[in-house]
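These are my notes from going through the structure. I kept to what I could look up, entry by entry.

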Amino acid sequence: MNLPRSFQTAALAILVVGILLLALGGYLTPISRVALSPFISAQTWLASRYLAIRDFMTAPRDVALLTQINNQLEAEVSRLQSQIIELQQQNSEMQVLSALLDFARTHSENEYITAAVIGRDISPFLHYVIINRGSDDGLRRGMPVVSSQGLVGRVAAVTADGARVQLITDPDTAINVRIQPSGAEGLLQGSITGDITVEAIPQDASIQTGDLVLTSGLGGNFPPDMLIGQVSGVRQRPVELFQTATVEPVVDFSQLEIVLVIVNFRPVNIAPLIPTPGTP
Amino acid sequence: MAIFLAIPILGLMVIVQSAVFSQVHLLYGTVDLVLLIVVAWAVQERVTTAWHWGVIAGLLTSLATAVPALAIIPAYVLITGMAIYLRRIFWQRPLLAMIAATVIATLITHAISVAALVINGTPIPLIEAFYMITIPSALLNLLLAVPVYALIGDLANWLYPQAIEI
(Lines give C-alpha, C1' and ligand atoms only; values in the text may rest on other atoms or scores of the structure.)
Protein backbone atom coordinates (compact mmCIF):
# COMPACT_ATOMS: atom_id res chain seq x y z
CA MET A 1 0.00 0.00 0.00
CA ASN A 2 1.51 3.17 -1.19
CA LEU A 3 0.33 6.18 0.75
CA PRO A 4 1.02 9.58 -0.61
CA ARG A 5 4.15 11.26 0.84
CA SER A 6 2.19 14.18 2.21
CA PHE A 7 -0.02 11.79 4.17
CA GLN A 8 3.06 10.12 5.65
CA THR A 9 4.40 13.49 6.68
CA ALA A 10 1.10 14.50 8.18
CA ALA A 11 0.83 11.21 10.06
CA LEU A 12 4.38 11.61 11.41
CA ALA A 13 3.64 15.16 12.50
CA ILE A 14 0.48 14.07 14.25
CA LEU A 15 2.40 11.26 15.96
CA VAL A 16 5.11 13.66 17.13
CA VAL A 17 2.61 16.24 18.32
CA GLY A 18 0.66 13.49 20.01
CA ILE A 19 3.71 12.19 21.79
CA LEU A 20 4.65 15.71 22.84
CA LEU A 21 1.17 16.32 24.14
CA LEU A 22 1.20 13.01 25.99
CA ALA A 23 4.65 13.88 27.43
CA LEU A 24 3.49 17.35 28.48
CA GLY A 25 0.44 15.78 30.04
CA GLY A 26 2.66 13.43 32.04
CA TYR A 27 1.27 10.30 30.49
CA LEU A 28 4.68 9.15 29.23
CA THR A 29 6.53 9.37 32.60
CA PRO A 30 6.28 5.64 33.52
CA ILE A 31 7.40 4.68 30.03
CA SER A 32 10.29 7.16 30.02
CA ARG A 33 11.35 6.02 33.50
CA VAL A 34 11.56 2.42 32.33
CA ALA A 35 13.27 3.42 29.13
CA LEU A 36 15.83 5.80 30.71
CA SER A 37 16.68 3.71 33.72
CA PRO A 38 19.39 1.61 32.01
CA PHE A 39 20.94 4.73 30.55
CA ILE A 40 21.04 6.50 33.89
CA SER A 41 22.56 3.47 35.58
CA ALA A 42 25.19 3.21 32.91
CA GLN A 43 25.95 6.93 33.09
CA THR A 44 26.15 6.82 36.89
CA TRP A 45 28.60 3.94 36.74
CA LEU A 46 30.69 5.69 34.14
CA ALA A 47 30.66 9.04 35.96
CA SER A 48 31.64 7.45 39.26
CA ARG A 49 34.55 5.64 37.62
CA TYR A 50 35.63 8.82 35.89
CA LEU A 51 35.52 10.80 39.14
CA ALA A 52 37.47 8.06 40.92
CA ILE A 53 40.13 8.08 38.24
CA ARG A 54 40.26 11.90 38.27
CA ASP A 55 40.61 11.96 42.06
CA PHE A 56 43.32 9.35 41.87
CA MET A 57 45.21 11.40 39.34
CA THR A 58 44.83 14.72 41.13
CA ALA A 59 44.98 13.57 44.77
CA PRO A 60 48.78 13.68 45.21
CA ARG A 61 48.82 17.35 44.26
CA ASP A 62 46.06 18.07 46.78
CA VAL A 63 47.78 16.15 49.57
CA ALA A 64 50.98 18.08 49.01
CA LEU A 65 49.06 21.32 49.02
CA LEU A 66 47.08 20.34 52.11
CA THR A 67 50.25 19.27 53.88
CA GLN A 68 51.80 22.62 53.12
CA ILE A 69 48.73 24.50 54.32
CA ASN A 70 48.57 22.29 57.42
CA ASN A 71 52.20 23.04 58.23
CA GLN A 72 51.57 26.74 57.83
CA LEU A 73 48.52 26.55 60.08
CA GLU A 74 50.36 24.52 62.68
CA ALA A 75 53.15 27.08 62.71
CA GLU A 76 50.57 29.82 63.07
CA VAL A 77 48.85 27.96 65.93
CA SER A 78 52.18 27.48 67.70
CA ARG A 79 53.03 31.15 67.30
CA LEU A 80 49.63 32.19 68.62
CA GLN A 81 49.85 29.75 71.53
CA SER A 82 53.24 31.11 72.56
CA GLN A 83 51.82 34.61 72.22
CA ILE A 84 48.89 33.63 74.46
CA ILE A 85 51.25 32.19 77.07
CA GLU A 86 53.38 35.34 76.94
CA LEU A 87 50.30 37.55 77.32
CA GLN A 88 48.97 35.42 80.16
CA GLN A 89 52.33 35.73 81.90
CA GLN A 90 52.35 39.49 81.37
CA ASN A 91 48.79 39.67 82.63
CA SER A 92 49.70 37.66 85.71
CA GLU A 93 52.71 39.88 86.39
CA MET A 94 50.57 42.96 85.87
CA GLN A 95 48.02 41.71 88.39
CA VAL A 96 50.77 41.03 90.93
CA LEU A 97 52.33 44.45 90.34
CA SER A 98 48.94 46.10 90.52
CA ALA A 99 48.25 44.40 93.86
CA LEU A 100 51.68 45.45 95.12
CA LEU A 101 51.02 49.01 94.00
CA ASP A 102 47.72 49.01 95.87
CA PHE A 103 49.49 47.68 98.93
CA ALA A 104 52.20 50.36 98.68
CA ARG A 105 49.55 53.08 98.31
CA THR A 106 47.65 51.90 101.36
CA HIS A 107 50.88 51.77 103.39
CA SER A 108 52.30 55.03 102.15
CA GLU A 109 54.34 55.57 105.30
CA ASN A 110 56.83 52.97 104.06
CA GLU A 111 59.35 53.15 101.22
CA TYR A 112 59.53 50.05 99.08
CA ILE A 113 61.84 48.39 96.61
CA THR A 114 60.36 45.74 94.35
CA ALA A 115 62.31 42.52 93.97
CA ALA A 116 61.76 39.30 92.06
CA VAL A 117 62.16 35.92 93.72
CA ILE A 118 64.85 34.11 91.72
CA GLY A 119 65.52 31.06 93.83
CA ARG A 120 65.06 29.18 97.03
CA ASP A 121 67.44 27.83 99.63
CA ILE A 122 68.70 24.46 98.46
CA SER A 123 68.48 22.98 101.95
CA PRO A 124 65.06 21.40 102.50
CA PHE A 125 65.33 22.15 106.23
CA LEU A 126 65.22 25.90 105.75
CA HIS A 127 62.71 28.32 104.25
CA TYR A 128 64.58 31.09 102.53
CA VAL A 129 64.15 32.75 99.13
CA ILE A 130 66.73 34.58 97.07
CA ILE A 131 65.75 37.94 95.56
CA ASN A 132 67.40 39.94 92.80
CA ARG A 133 68.09 43.12 94.79
CA GLY A 134 71.07 43.71 97.03
CA SER A 135 73.14 46.30 98.82
CA ASP A 136 73.60 48.23 95.58
CA ASP A 137 69.85 48.88 95.66
CA GLY A 138 69.90 49.99 99.29
CA LEU A 139 68.95 46.71 100.94
CA ARG A 140 70.30 46.00 104.40
CA ARG A 141 70.14 43.01 106.68
CA GLY A 142 66.99 42.91 108.80
CA MET A 143 64.72 44.85 106.45
CA PRO A 144 61.15 43.49 106.40
CA VAL A 145 59.86 41.91 103.20
CA VAL A 146 56.16 41.94 102.31
CA SER A 147 53.87 40.99 99.47
CA SER A 148 50.49 42.39 98.52
CA GLN A 149 48.89 39.92 100.96
CA GLY A 150 51.07 40.44 103.99
CA LEU A 151 54.36 39.77 105.73
CA VAL A 152 56.80 37.51 103.90
CA GLY A 153 59.91 37.65 106.07
CA ARG A 154 63.04 39.69 106.47
CA VAL A 155 66.36 40.11 104.72
CA ALA A 156 68.84 37.71 106.30
CA ALA A 157 71.92 38.22 104.14
CA VAL A 158 72.85 40.69 101.43
CA THR A 159 75.29 40.70 98.53
CA ALA A 160 75.86 43.50 96.02
CA ASP A 161 72.99 42.50 93.74
CA GLY A 162 71.11 39.81 95.61
CA ALA A 163 69.73 39.01 99.02
CA ARG A 164 68.53 36.03 100.99
CA VAL A 165 65.17 36.44 102.70
CA GLN A 166 64.20 34.37 105.69
CA LEU A 167 60.52 33.51 105.35
CA ILE A 168 58.21 33.63 108.35
CA THR A 169 57.74 29.86 107.87
CA ASP A 170 61.44 29.13 108.56
CA PRO A 171 62.01 27.05 111.70
CA ASP A 172 64.36 29.71 113.06
CA THR A 173 61.73 32.44 112.83
CA ALA A 174 60.52 34.13 116.02
CA ILE A 175 58.25 37.15 115.59
CA ASN A 176 56.31 38.98 118.27
CA VAL A 177 52.68 39.06 117.19
CA ARG A 178 49.32 40.29 118.37
CA ILE A 179 46.05 38.46 117.81
CA GLN A 180 43.04 40.59 116.95
CA PRO A 181 40.44 41.32 118.19
CA SER A 182 41.47 39.96 121.59
CA GLY A 183 44.77 41.85 121.56
CA ALA A 184 46.59 38.86 123.03
CA GLU A 185 50.28 38.71 122.31
CA GLY A 186 52.42 35.73 121.47
CA LEU A 187 55.48 34.51 119.64
CA LEU A 188 55.14 33.31 116.06
CA GLN A 189 57.35 30.38 115.15
CA GLY A 190 57.96 28.53 111.90
CA SER A 191 58.76 24.90 111.37
CA ILE A 192 60.54 22.58 108.93
CA THR A 193 57.20 21.75 107.30
CA GLY A 194 56.34 25.42 106.76
CA ASP A 195 53.50 25.43 109.29
CA ILE A 196 53.44 28.45 111.59
CA THR A 197 52.15 28.62 115.13
CA VAL A 198 51.77 31.29 117.78
CA GLU A 199 53.23 30.15 121.06
CA ALA A 200 53.17 31.69 124.52
CA ILE A 201 49.61 33.05 124.34
CA PRO A 202 48.31 33.72 127.85
CA GLN A 203 45.80 31.15 129.07
CA ASP A 204 43.18 33.80 129.85
CA ALA A 205 43.18 35.20 126.31
CA SER A 206 40.11 34.44 124.23
CA ILE A 207 41.32 33.19 120.86
CA GLN A 208 38.91 32.08 118.14
CA THR A 209 39.39 30.49 114.76
CA GLY A 210 39.52 33.22 112.13
CA ASP A 211 41.20 35.81 114.37
CA LEU A 212 43.81 37.92 112.65
CA VAL A 213 47.50 37.60 113.48
CA LEU A 214 49.51 40.83 113.11
CA THR A 215 53.02 41.88 114.01
CA SER A 216 53.11 43.64 117.35
CA GLY A 217 56.28 45.62 116.72
CA LEU A 218 57.80 44.42 120.00
CA GLY A 219 61.45 43.56 119.73
CA GLY A 220 62.00 46.10 116.99
CA ASN A 221 62.51 43.57 114.19
CA PHE A 222 59.29 44.29 112.30
CA PRO A 223 56.98 47.28 111.98
CA PRO A 224 53.70 46.86 113.87
CA ASP A 225 50.35 45.82 112.36
CA MET A 226 51.65 43.86 109.41
CA LEU A 227 49.20 41.09 108.52
CA ILE A 228 50.55 37.55 108.86
CA GLY A 229 47.53 35.28 108.74
CA GLN A 230 44.46 33.93 110.45
CA VAL A 231 44.13 31.58 113.37
CA SER A 232 43.12 28.16 112.04
CA GLY A 233 43.13 26.25 115.32
CA VAL A 234 43.68 26.72 119.04
CA ARG A 235 45.20 24.27 121.51
CA GLN A 236 44.40 25.07 125.11
CA ARG A 237 45.23 22.68 127.94
CA PRO A 238 44.64 23.60 131.57
CA VAL A 239 47.88 21.92 132.62
CA GLU A 240 50.00 24.15 130.38
CA LEU A 241 51.13 27.68 131.12
CA PHE A 242 50.23 29.01 127.69
CA GLN A 243 47.94 28.20 124.81
CA THR A 244 49.04 27.68 121.23
CA ALA A 245 47.37 28.74 117.98
CA THR A 246 48.06 27.39 114.52
CA VAL A 247 48.05 30.07 111.84
CA GLU A 248 47.11 29.96 108.17
CA PRO A 249 49.41 32.50 106.49
CA VAL A 250 47.82 34.95 104.06
CA VAL A 251 50.84 34.74 101.78
CA ASP A 252 51.05 31.74 99.44
CA PHE A 253 54.76 31.05 99.76
CA SER A 254 54.76 28.45 96.97
CA GLN A 255 53.59 31.10 94.49
CA LEU A 256 55.87 33.89 95.63
CA GLU A 257 57.19 35.77 92.58
CA ILE A 258 57.53 39.45 93.39
CA VAL A 259 58.01 41.01 96.83
CA LEU A 260 58.45 44.45 98.35
CA VAL A 261 61.33 45.26 100.66
CA ILE A 262 60.60 48.03 103.17
CA VAL A 263 63.80 50.05 102.97
CA ASN A 264 63.01 52.82 105.44
CA PHE A 265 62.61 50.44 108.37
CA ARG A 266 65.72 49.78 110.40
CA PRO A 267 65.48 46.94 112.92
CA VAL A 268 66.41 47.83 116.47
CA ASN A 269 68.95 45.67 118.22
CA ILE A 270 67.64 45.43 121.77
CA ALA A 271 70.10 42.76 122.85
CA PRO A 272 72.30 45.20 124.83
CA LEU A 273 69.21 46.39 126.72
CA ILE A 274 68.28 42.92 127.94
CA PRO A 275 69.69 42.47 131.44
CA THR A 276 71.98 39.50 131.90
CA PRO A 277 72.75 37.80 135.20
CA GLY A 278 75.57 39.54 137.01
CA THR A 279 75.00 43.01 135.55
CA PRO A 280 73.81 45.74 137.92
CA MET B 1 90.74 20.18 82.57
CA ALA B 2 88.36 18.16 84.76
CA ILE B 3 88.91 20.55 87.66
CA PHE B 4 88.16 23.59 85.51
CA LEU B 5 85.00 21.93 84.22
CA ALA B 6 83.81 21.39 87.78
CA ILE B 7 83.15 25.09 88.36
CA PRO B 8 80.75 25.71 85.43
CA ILE B 9 79.05 22.32 85.76
CA LEU B 10 78.54 22.45 89.50
CA GLY B 11 77.76 26.18 89.38
CA LEU B 12 75.04 25.54 86.82
CA MET B 13 73.68 22.71 88.93
CA VAL B 14 73.52 24.95 92.02
CA ILE B 15 71.54 27.51 90.00
CA VAL B 16 69.17 24.86 88.60
CA GLN B 17 68.80 23.36 92.07
CA SER B 18 67.95 26.73 93.63
CA ALA B 19 65.66 27.97 90.86
CA VAL B 20 63.85 24.77 89.90
CA PHE B 21 64.46 21.61 91.90
CA SER B 22 64.09 23.27 95.32
CA GLN B 23 60.43 23.76 94.43
CA VAL B 24 59.83 20.13 93.45
CA HIS B 25 58.86 18.32 96.63
CA LEU B 26 58.10 14.81 97.72
CA LEU B 27 56.48 15.49 101.08
CA TYR B 28 59.03 18.08 102.25
CA GLY B 29 62.10 16.49 100.70
CA THR B 30 63.85 17.72 97.58
CA VAL B 31 66.34 16.24 95.19
CA ASP B 32 69.99 17.30 95.57
CA LEU B 33 71.52 17.56 92.10
CA VAL B 34 74.91 18.73 93.32
CA LEU B 35 75.19 15.77 95.68
CA LEU B 36 74.27 13.38 92.86
CA ILE B 37 76.90 14.82 90.56
CA VAL B 38 79.63 14.71 93.19
CA VAL B 39 78.77 11.10 94.03
CA ALA B 40 78.47 10.07 90.36
CA TRP B 41 81.84 11.67 89.62
CA ALA B 42 83.53 10.02 92.60
CA VAL B 43 82.35 6.50 91.69
CA GLN B 44 83.75 6.73 88.14
CA GLU B 45 86.65 4.34 87.72
CA ARG B 46 89.33 6.51 86.10
CA VAL B 47 88.44 9.84 87.69
CA THR B 48 91.26 11.33 89.74
CA THR B 49 89.73 14.70 90.61
CA ALA B 50 86.86 13.56 92.82
CA TRP B 51 88.19 15.36 95.92
CA HIS B 52 88.48 18.61 93.99
CA TRP B 53 84.91 18.30 92.79
CA GLY B 54 83.77 17.62 96.36
CA VAL B 55 85.43 20.77 97.69
CA ILE B 56 84.18 22.93 94.80
CA ALA B 57 80.65 21.57 95.25
CA GLY B 58 80.77 22.39 98.96
CA LEU B 59 81.99 25.92 98.29
CA LEU B 60 79.39 26.63 95.62
CA THR B 61 76.56 25.09 97.63
CA SER B 62 77.46 27.12 100.69
CA LEU B 63 76.80 30.27 98.63
CA ALA B 64 73.20 29.25 97.98
CA THR B 65 72.12 28.07 101.40
CA ALA B 66 71.77 29.46 104.88
CA VAL B 67 73.23 26.28 106.34
CA PRO B 68 76.69 27.24 107.72
CA ALA B 69 79.51 26.78 105.20
CA LEU B 70 81.55 25.12 107.92
CA ALA B 71 79.07 22.25 107.79
CA ILE B 72 78.41 22.09 104.05
CA ILE B 73 82.01 21.88 102.82
CA PRO B 74 83.04 19.03 105.17
CA ALA B 75 79.79 17.26 104.30
CA TYR B 76 80.62 17.23 100.59
CA VAL B 77 84.21 16.19 101.25
CA LEU B 78 82.94 13.40 103.45
CA ILE B 79 80.50 12.08 100.85
CA THR B 80 83.26 12.22 98.23
CA GLY B 81 85.47 10.06 100.41
CA MET B 82 82.59 7.71 101.12
CA ALA B 83 81.80 7.36 97.40
CA ILE B 84 85.45 6.63 96.58
CA TYR B 85 85.48 4.01 99.31
CA LEU B 86 82.32 2.39 97.93
CA ARG B 87 83.80 2.44 94.42
CA ARG B 88 86.70 0.35 95.74
CA ILE B 89 84.35 -2.09 97.47
CA PHE B 90 81.96 -2.43 94.51
CA TRP B 91 84.63 -2.04 91.83
CA GLN B 92 82.85 -4.58 89.58
CA ARG B 93 79.44 -2.99 90.12
CA PRO B 94 79.81 0.79 89.81
CA LEU B 95 76.05 1.32 89.49
CA LEU B 96 75.54 -0.45 92.80
CA ALA B 97 78.20 1.81 94.29
CA MET B 98 76.31 4.83 92.92
CA ILE B 99 73.00 3.73 94.42
CA ALA B 100 74.49 2.89 97.80
CA ALA B 101 76.54 6.09 97.83
CA THR B 102 73.45 8.18 96.97
CA VAL B 103 71.50 6.90 99.96
CA ILE B 104 74.41 7.19 102.37
CA ALA B 105 75.40 10.64 101.03
CA THR B 106 71.86 11.91 101.54
CA LEU B 107 71.91 10.68 105.12
CA ILE B 108 75.35 12.20 105.75
CA THR B 109 74.55 15.65 104.31
CA HIS B 110 71.23 15.82 106.11
CA ALA B 111 72.75 14.67 109.41
CA ILE B 112 75.50 17.27 109.19
CA SER B 113 73.08 20.02 108.12
CA VAL B 114 70.70 19.26 110.98
CA ALA B 115 73.56 19.08 113.47
CA ALA B 116 74.89 22.46 112.31
CA LEU B 117 71.43 24.06 112.45
CA VAL B 118 70.70 22.65 115.91
CA ILE B 119 74.07 23.91 117.17
CA ASN B 120 73.17 27.33 115.71
CA GLY B 121 69.96 27.31 117.71
CA THR B 122 67.42 26.37 115.05
CA PRO B 123 64.78 24.09 116.58
CA ILE B 124 64.58 21.01 114.34
CA PRO B 125 62.52 18.01 115.44
CA LEU B 126 64.80 15.14 114.50
CA ILE B 127 62.29 12.35 113.97
CA GLU B 128 59.93 14.55 111.96
CA ALA B 129 62.86 15.80 109.87
CA PHE B 130 63.96 12.23 109.17
CA TYR B 131 60.55 10.99 108.06
CA MET B 132 59.30 14.14 106.31
CA ILE B 133 62.51 15.35 104.66
CA THR B 134 65.38 12.88 104.69
CA ILE B 135 63.59 9.74 103.50
CA PRO B 136 61.67 11.54 100.68
CA SER B 137 64.90 13.29 99.65
CA ALA B 138 66.72 9.96 99.53
CA LEU B 139 63.95 8.51 97.36
CA LEU B 140 64.07 11.46 94.97
CA ASN B 141 67.86 11.24 94.81
CA LEU B 142 67.59 7.51 94.06
CA LEU B 143 65.17 8.23 91.22
CA LEU B 144 67.68 10.52 89.56
CA ALA B 145 70.79 8.54 90.51
CA VAL B 146 70.85 6.32 87.42
CA PRO B 147 70.38 9.04 84.77
CA VAL B 148 72.92 11.29 86.50
CA TYR B 149 75.34 8.37 86.70
CA ALA B 150 74.94 7.74 82.97
CA LEU B 151 75.50 11.40 82.05
CA ILE B 152 78.49 11.81 84.34
CA GLY B 153 79.85 8.48 83.05
CA ASP B 154 79.84 9.90 79.51
CA LEU B 155 81.60 13.02 80.74
CA ALA B 156 84.20 10.94 82.57
CA ASN B 157 84.81 8.77 79.48
CA TRP B 158 85.29 11.89 77.43
CA LEU B 159 87.73 13.46 79.89
CA TYR B 160 89.48 10.22 80.85
CA PRO B 161 89.48 8.03 77.72
CA GLN B 162 90.28 4.37 78.26
CA ALA B 163 93.81 3.42 77.22
CA ILE B 164 93.88 0.84 74.43
CA GLU B 165 96.77 -1.59 74.21
CA ILE B 166 98.02 -2.22 70.68
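I looked up strand β3 (residues 144–146) of chain A and found that it pairs with strand β12 (residues 258–262) of chain A, antiparallel, over two bridges. Strands here are DSSP runs (E, at least two residues) and helices are runs of H or I of at least four residues, both numbered from the N terminus. I count two strands as paired if DSSP finds at least two bridges between them. Val146(A) has Leu260(A) as its bridge partner in β12(A).

Before going on I note the conventions: residues are numbered from 1 along each chain as its sequence is written, and chains are lettered from A and ligands numbered from 1 in the order in which they are written. The model is predicted, and local features need pLDDT of at least 70, side-chain atom pairs count only at pLDDT 80 or more, while totals for chains, interfaces and linings use all residues.

In chain A, six strands close into an antiparallel barrel, in the order β1-β2-β5-β4-β3-β12. On average, neighbouring strands of this sheet are turned by 45° against each other, direction ignored; the axes are lines fitted to C-alpha atoms, for helices over the stretch in contact, and angles run from 0 to 180 degrees between N-to-C directions.

Next I took strand β2 (residues 128–131) of chain A. Strand β1 (residues 112–120) of chain A is joined to β2(A) by three bridges, antiparallel, and Gly119(A) has Ile130(A) as its bridge partner. With strand β5 (residues 163–167) of chain A, β2(A) pairs antiparallel over four bridges, and Ile131(A) stands opposite Ala163(A).

Is β2(A) covered on one face or both? I find both covered: Tyr128(A) and Ile130(A) are buried on one side, Val129(A) and Ile131(A) on the other. Buried means 20 or more other C-beta atoms within 10 Å of the residue's own, exposed 12 or fewer, partly exposed in between, with C-beta atoms placed from the backbone. In a regular strand the side chains alternate between the two faces of the sheet.

I turned to helix α1 (residues 5–24) of chain A. Its 20 residues reach 28 Å from first to last C-alpha, close to the 28 Å expected at 1.5 Å a residue; the expected span is 1.5 Å times one less than the number of residues. Gly26(A) follows α1(A) and has a positive phi, near 85°.
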